[in-house]
Amino acid sequence: MYALDALKNMKVGETLLVIADCPQSFRSVPEEVVKHGYQLIAEPTKVNQDIYFYIKVTK
């Protein structure tokens with residue numbers, strides 16, 4: 001997940017928008033967010049084929 005690399009370089013309090021087009025990401029992205037200690041700040045939103053995730057750096 002390229003988002004994890006981006007999150008590692010971000011500061012506490014910053015938010016990353018991840019746009020995915022894989023249906024499996026609807027479940028896997030939130031799991032990885034929690035697993036790596038980040039916060040999903042809103043429920044994933046699906047617009048057509050794209051799924052939007054807002055991930056906040058908390059540590």
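Let's start with asparagine 48, which is exposed, with a relative accessible area of 68%. For that word, exposed means over 50% relative accessible area, buried means under 20%, and partly exposed is in between, using a 1.4 Å probe and protein chains only. Asparagine 48 sits in the loop between β3 (45-47) and β4. Its phi is positive, about 55 degrees, although it is not a glycine. As background, most residues other than glycine have a negative phi.

A quick word on what we are looking at. This is a predicted model, where local features need pLDDT of at least 70, side-chain atom pairs count only at pLDDT 80 or more, and totals for chains, interfaces and linings use all residues. Residues are numbered from 1 along each chain as its sequence is written, and side-chain values use heavy atoms, with hydrogens and water left out.

Now the overall layout. The chain has 2 helices and 4 strands, and reading along the sequence you get α-β-α-β-β-β. The radius of gyration is 11 Å, close to the 10 Å that the globule rule gives for 59 residues, so the chain is as compact as a globular protein of that length. Helices (H or I, at least four residues) and strands (E, at least two) are DSSP runs, numbered from the N terminus. The radius is taken over C-alpha atoms, and the globule rule is 2.2 Å times the number of residues to the power 0.38. Along its principal axes, the C-alpha trace spans about 30 × 15 × 15 Å.

Of the 59 residues, 29% count as buried. Contacts, by the way, are heavy atoms within 4.5 Å. Among those with a separation of 6 or more, 60% come from residues 24 or more positions apart.

So, which residues of helix α2 are buried? In α2 (residues 25-35), they are Ser25, Val29, Pro30 and Val33. These four cover an arc of only 120 degrees around the axis, which puts them on the same side of α2. That arc is taken from the directions from the helix axis to the C-beta atoms. Their cover includes β1 (15-20), β2 (39-40) and β4 (50-56). Turn to the other side of α2, and you find Arg27, Val34 and Lys35 exposed. Just after the helix, glycine 37 takes a positive phi of about 85 degrees.

I'll finish with charge. There are 7 positive and 7 negative side chains, and the centres of the two sets lie 6 Å apart. Here Lys and Arg count as positive and Asp and Glu as negative, while His and the chain ends are not counted. Each charge is placed at NZ of Lys, CZ of Arg, CG of Asp or CD of Glu.
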